[in-house]
Amino acid sequence: TPASFTMSVQCAVVTLLVATAAAKKPRGELQLKILDVPDDCSDVAERGDIVYIIHEGYHKGTKIDENPDLPDGSGPEPLKIRLGKGRVLAGMEQAIDGMCVGAQVEAKIPPHLAFDDPTKNFQNKPVPPKSWVTYKIRVVRIDHPGTLAFFFKDLITSMTNLWPLWLIFVGFLYLRHSGHLSGLIGKLPGLSGGGDDKKKAKKRKASKRD
């Protein structure tokens, strides 16, 4: 009947409106609490920067994530990330963006920015689906690629890591300048030319006999 048809249409419209409202309902957002800010907060992390962090992750009071210890046991080893590349949780990246060296925050991260993030493929999730997680994050160092300071810092680090080769090169130059290099080469078998001298001596003896 027309009345029942009209009622069915009204029910369908109401269902559609409810579904649309549910879809538009905002999901939980990242919640940040500042725990520590240094007096000098001028060195700030931005997307593309290399950031070193100390962090601890919790779910309902249970620790689920933390930095590994340094080999000498002196403390946690800072985690190195390229901000914006997605190595850590999206909520962590949002929290780190804008932090300065020495600052610490507590980030309450909603599921869609944590382990329910559809853009990431987690092999083993440490929490159940639809779980909020809490991370305490401290920034301990920031490198800014593309700047002159970063270039020289990277150059010095590379030279420091290659110090054994530099030591060998300096030693070679010293021996060559002092004249000791030729003496050392003369003592090395096969490099002194002693074998050729012996062959020449044998040829001279053979020619004299003839």
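One disulfide is counted in this structure, which is a predicted model. It joins Cys-41 and Cys-100.

**The disulfide**
- The sulfur atoms of Cys-41 and Cys-100 are 1.9 Å apart. That falls within the 2.5 Å cut-off, so the pair counts as a disulfide.
- The link between Cys-41 and Cys-100 is left-handed, with -100° about the S-S bond.
- Cys-41 sits in the loop between strand S1 (31-36) and strand S2 (50-59), and Cys-100 sits in the loop between helix H2 (90-96) and strand S5 (104-109), so the bond ties together parts that are 59 residues apart in sequence.
- Cys-41 is partly exposed, because its relative accessibility is 34%.
- Cys-100 is buried, because its relative accessible area is 1%.

**Strand S2 and its partners**
- S2 is mostly covered, with seven of its ten residues buried.
- S2 pairs with strand S3 (residues 62-66) in the antiparallel sense, over four bridges. Here Glu-56 stands opposite Glu-66 of S3.
- S2 and S3 form a hairpin, with two residues between them. In the turn, Lys-60 has a positive phi of about 55°.
- S2 also pairs with strand S4 (residues 79-82), again in the antiparallel sense and over four bridges. Val-51 stands opposite Ile-81 in S4.
- With S6, S2 makes an antiparallel pairing over nine bridges. Gly-57 has Tyr-135 of S6 as its bridge partner.

**The largest pocket**
- The largest pocket holds about 180 Å³ of space.
- Its lining has seven nonpolar, two polar and three charged residues.
- Among the lining residues are His-55, Asp-65, Leu-79 and Tyr-135.

**Asp-116**
- Asp-116 lies in the loop between S5 and strand S6 (133-143).
- Asp-116 is partly exposed, because its relative accessible area is 24%.
- Leaving aside neighbours within four places in sequence, Asp-116 is in contact with Pro-111, Lys-125, Pro-129, Lys-130 and Ser-131.
- Asp-116 and Leu-89 are 27 residues apart along the chain. Their C-alpha atoms are separated by 10.0 Å.

Technical notes:
Residues are numbered from 1 along each chain as its sequence is written. This is a predicted model: local features need pLDDT of at least 70, side-chain atom pairs count only at pLDDT 80 or more; totals for chains, interfaces and linings use all residues. Side-chain values use heavy atoms; hydrogens and water are left out. Buried means under 20% relative accessible area, exposed over 50%, partly exposed in between (1.4 Å probe, protein chains only). On a 1 Å grid over the protein atoms alone, a cavity is a set of points where a 1.4 Å probe fits but cannot get out, and a pocket is an open set with protein on both sides within 12 Å along at least five of seven lines; lining residues have an atom within 4 Å of a point. Grid points are joined across faces, edges and corners, and a volume is the space filled by probe spheres set on the points. Ala, Val, Leu, Ile, Met, Phe, Trp, Tyr, Cys and Pro count as nonpolar, Asp, Glu, Lys and Arg as charged, and the others, Gly among them, as polar. Contact means heavy atoms within 4.5 Å. Two strands pair if DSSP finds at least two bridges between them.
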